[in-house]
Structure formats: C-alpha cells, structure tokens
Amino acid sequence: MGQQSRKPYWVGEPPAGTPLGPFQKRSRASVYAQFVLQPLYSAAIGVLWLVALVAAAAGPGGTRSADVETGSMWLSRRKMRLELDGTREEWEIWATQTLANAFARSTTLRAKKDPGKTGPPPVVTLDPMDRRLLTAEEVARIAEPMGWILMWTRHDGPDDKLRLVPRAQASAFRSRPSE
C-alpha cells in the first residue's frame, strides 16, 4: 500500500496477510452447536478463570490499565440471530454499539486506575466475532466520529483482531519500520 492509499482514520499499514474482512457467515450448524453447548464449556472455562484469578491475585499485576477486548464466547439469543440471518447493516449497528460500550468501559477504567493519565494510552481490541460482515475500513469509519482510530503498529504479524486507540493519543504509538 502506497502513500496514496493512506487512511486518515488509521495509524500505520496492516501487516501482510492480515485479514481485513469481511468474514464469511458461520454455518447454521456451528452457531446452533455453540448455543447449545456453551453452558458446558463455560463451566469448564469458569473453573480455569477462577484458578487464573487466584494466581493473578498472588503475583504482581502486569496488565495495562485501560485495555478492553470485545468478544465473548457466550452467544446470546440476539447475537445468535445476528450470526444466522444478520445483514451488513445489522452488523454495522452491532459493531457501533460494541465499540461505544468498549470505548466507554476503557475510559472508565482509565479514570479509575490512572487518574493522572500518565500511563500508556488505552487500546480497545475488536474481535472478528463483533464485525463479521464489516471490513477493517468500515470499522475505522465507525470509530472515527467517536474519537478513536484503527492502529496497525501494535502487533507484529497478521491478526484478525482490530486494535483502536484514542485519536488524541495515537502519536504515543510509534510506527514500526516497514519490513
């Protein structure tokens, strides 16, 4: 991608091989299987989560203060209907609501954990499950009026998750040299 293709609503360039979307709809069988089986694997994950929580409480914390990741392994009825029969417009509404909630959660976490705002800027990571029929560019256009931009320079290789940072703090992230 050359200089002409630079987007004003993202930082850097996507690494080669990065899936920009849209992603294919999942099969009806896999959506139904997830919905029916999720209580079983959620219980197992819950036990692992408790073990990790106890281990994290015993050691020093190493997480950034205001990073938020979207995506859930739990499939609500609304999300199941969206996965089965959702249109691109419905996915856009879903992604807009998901991003608005994640940005608000990130802002709240930062205010609580870093009141002086001296730490690193927050990062919101959008899972592909929350943007199935949308491209990365469409997500960036949704986030831009909310004051956030898409950032490609945070990770080393191809990844299907999108990372967004506050526009005002994007300069804190240095662009990596092109490889």
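Why does Arg163 count as buried? The answer is given in point 4, after the basis of the model and the overall fold.

1. Basis of the note. The structure is a predicted model, in which local features need pLDDT of at least 70 and side-chain atom pairs count only at pLDDT 80 or more, whereas totals for chains, interfaces and linings use all residues. Residues are numbered from 1 along each chain as its sequence is written, and side-chain values use heavy atoms, with hydrogens and water left out.

2. Overall fold. The protein contains four helices and five strands, arranged along the sequence as β-α-β-α-α-β-α-β-β. Helices (H or I, at least four residues) and strands (E, at least two) are DSSP runs, numbered from the N terminus. Of the contacts between residues at least 6 apart in sequence, 75% join residues at least 24 apart; contact means heavy atoms within 4.5 Å.

3. Surface and burial. Of the 179 residues, 37% are buried, that is, under 20% relative accessible area with a 1.4 Å probe and protein chains only. The protein exposes about 10,600 Å², and carbon and sulfur atoms supply 59% of this area, by the Shrake-Rupley method with a 1.4 Å probe.

4. Arg163. This residue belongs to strand E5 (residues 162-166). Arg163 counts as buried because its relative accessibility is 16%. Val124 is 39 residues from Arg163 in sequence, yet the two are 5.6 Å apart in space, C-alpha to C-alpha.

5. Aromatic pair. The structure holds one aromatic pair. Its members, Phe103 and Trp148, are stacked, at 4.2 Å centre to centre and 5° between the planes. The pair links distant parts of the chain, since Phe103 lies in helix H3 and Trp148 in strand E4 (residues 148-151), 45 residues apart. Both Phe103 and Trp148 are buried. Rings of Phe, Tyr and Trp (its six-membered ring) pair if their centres lie within 6.5 Å, and planes under 30 degrees apart count as stacked.

6. Second largest pocket. This pocket holds about 230 Å³ of space, a volume being the space filled by probe spheres set on grid points joined across faces, edges and corners. A pocket is an open set of points on a 1 Å grid where a 1.4 Å probe fits, with protein on both sides within 12 Å along at least five of seven lines; lining residues have an atom within 4 Å of a point. Of the 16 lining residues, Gly71, Ser72, Lys79, Trp94 and Asp130 lie nearest the centre. Helix H3 (residues 88-113) supplies the largest share of the lining, five residues.

Conventions
Rings of Phe, Tyr and Trp (its six-membered ring) pair if their centres lie within 6.5 Å; planes under 30 degrees apart count as stacked, over 60 as edge-to-face and the rest as tilted. Buried means under 20% relative accessible area, exposed over 50%, partly exposed in between (1.4 Å probe, protein chains only).
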